[in-house]
Amino acid sequence: MKIRPEEITAIIKSEIAGFAGGMQAEETGQVLEVGDGIARVYGLAKCMAGELLEFANGTMGMALNLEEDNIGVVLLGEYFDIKEGDPVKRTQRVISVPVGEALLGRVVTPLGVPIDGKGPVQAAKYRPLESPAPNIVERQPVKEPLLTGLKSVDSMIPIGRGQRELIIGDRGTGKTAVALDTIINQKHSGVICVYVAIGQKASTVAGVVEQLRKHGAMDYTIVVAATAADPAPLQYIAPYAGAAMAEYFMYEKQGHTLCIYDDLSKQAVAYRQLSLLLRRPPGREAFPGDVFYLHSRLLERAAKLSDAKGGGSMTALPIIETQSGDVTAYIPTNVISITDGQIFLEPDLFNQGVRPAINVGISVSRVGGNAQIKAMRKVAGSLRLDMAQYRELEAFAQFGSELDKATQAAIAKGQRMVEVLKQEQWVPMPVEEQVMMIFAAVSGYLAKIAVERVRDFEARFLAYMRAQQPEVGKSIAQTGLITPENETALKAALEDFLKQYGS
């Protein structure tokens, strides 16, 4: 039997075709060393910066250092059973997170894995963790108010949609309280909120979620939690994950979002840990040279988009913890220089019972009156000046010298103003009620009320306005103005109520 060459060729070709059909080309490398949440991998020549890599035990890693002969990978999970020589596969995709409405009301890790026991997240879309910030042409000036419901913030340090306002202060001065009150106040504003907890105790995060649920705020909030027990890489990527989740609503839904990063000091510490383990050279305070870029590329993603881009916005409230009020340390000065103002909380004021404990002298909003309704701008115009003057006179009055009538009057007005600006946590106030109360204080209607009775006066007066003259509040809320008719009605109501209150 004679076999022709073309028959042999056809058989070999069919065999090769069948064999190749079941093959799948994969680019793999191997682990050179592993420890402290870092792996060095050899053999992945085409790996991208920030690419997800898969290890033999299913743990994912992110390529952070691309060196000549190996790759420095940070591990986003358990690494105790990864060992030298284990295979590492490329996924050929940069690290991304699930986004969309399915995440609302959920508590997730920075990788989008739910940790609230409510089952998997059915997310239809993914967004890359890092994305470029909108350029100048794609933005517009910040001019819409983002109301916090806190009298002292909305009147003196107003925040606008698209702004980046730093909340800074020592531990235990109420930084998170300001941020959470702002979330609760967005209930009827249509703003989607993202709260990113970095390096906090899991019990603290659980407490925050419970309070948000109790006040009905979880319906429009996503909580991203990288707790103290999580590895440093997860704490490092957590704020970027939160920003990516908010960007979906800003770009694709043309909506308004609010991102709270609580807090970026812990993120910087986690990044320092990774950088030192990857043998990147340390700089000031042992932080790597690119720690400024770490925060600038995050906070620049907050913007008010132009109308051509849909007019959506992302407002960022980063939180920074200072040590003994030192705002000149490395990370605080970095973030102050990136943001559009700061709310500085002081332990001394907090301990005196002034809450929120905002130091009006150092706190500033670089957007100013642009982010206020006209009614608030009108009544609160002199408020900052009055408060600063009062703080100065108060220090002077401690010397116990004889004070003239004008100074005594300024101090008395300041004391009542401080009482008016005090506010309990979890009770944000509608802007029209803030305007009415600040109008009463600035116009001198509280002069005859004892300082310790001011808060009682406020509660009763606002209840009186809601019951007897609701149209004044409605008009201020709808138009954002104090019309001459409103002003006349408000003055008459104050005089009428003062008579009743006195009796």
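Predicted model: local features only at pLDDT ≥ 70, side-chain atom pairs only at ≥ 80, totals over all residues.
Local features were taken only at pLDDT of at least 70 and side-chain atom pairs only at pLDDT 80 or more, while totals for chains, interfaces and linings use all residues. Residues are numbered from 1 along each chain as its sequence is written, and side-chain values rest on heavy atoms, with hydrogens and water left out.

Start with the charges. The structure holds 31 salt bridges, a salt bridge being a side-chain nitrogen of Lys or Arg within 4 Å of a carboxyl oxygen of Asp or Glu. One of them pairs Arg90 with Glu51, with 3.0 Å between the closest N and O atoms. This pair links distant parts of the chain, 39 residues apart: Arg90 sits in strand β6 (residues 87-94) and Glu51 in strand β3 (residues 51-55). Helices (H or I, at least four residues) and strands (E, at least two) are DSSP runs, numbered from the N terminus. Both Arg90 and Glu51 are buried; buried means under 20% relative accessible area, exposed over 50%, and partly exposed in between (1.4 Å probe, protein chains only).

Arg127 and Glu247 make another salt bridge, their closest N and O atoms lying 3.6 Å apart. Here strand β9 (residues 125-128), which holds Arg127, is linked to helix α5 (residues 232-252), which holds Glu247, and the two residues are 120 apart in the chain. Arg127 and Glu247 are both buried as well.

Then there is Arg164 with Glu300, a salt bridge with closest N and O atoms 2.6 Å apart. Arg164 lies in the loop between α2 (151-156) and β10 (166-169) and Glu300 in the loop between α7 (291-299) and β14 (313-321), so this pair ties together parts 136 residues apart in sequence. Arg164 is buried at 10% relative accessible area, whereas Glu300, at 31%, counts as partly exposed. Shared partners also join salt bridges into one network made up of Lys125, Arg127, Glu247, Glu252 and Arg301.

On to the helices. Helix α13 (residues 431-442) packs against helix α15 (residues 470-479) at an angle of about 115°, their axes 8 Å apart. Axes are lines fitted to C-alpha atoms, for helices over the stretch in contact, and angles run from 0 to 180 degrees between N-to-C directions. That makes α13 roughly perpendicular to α15 (under 35 degrees is roughly parallel, over 145 roughly antiparallel, 65 to 115 roughly perpendicular and the rest oblique). Glu432, Val435 and Met436 of α13 meet Val472, Gly473, Ile476 and Ala477 of α15, contact meaning heavy atoms within 4.5 Å.

Helix α13 also meets helix α16 (residues 484-502), where the axes come within 11 Å and cross at roughly 65°. The contact involves Met436, Phe439 and Ala440 on α13, with Glu487, Leu490, Lys491 and Leu494 on α16.

Thr59 is buried, with a relative accessible area of 9%. Gly77 is 18 residues from Thr59 in sequence, and their C-alpha atoms are 5.7 Å apart in space. Leaving aside residues up to four places away in sequence, Thr59 touches Leu53, Glu54, Leu76, Gly77, Glu78 and Ile82.
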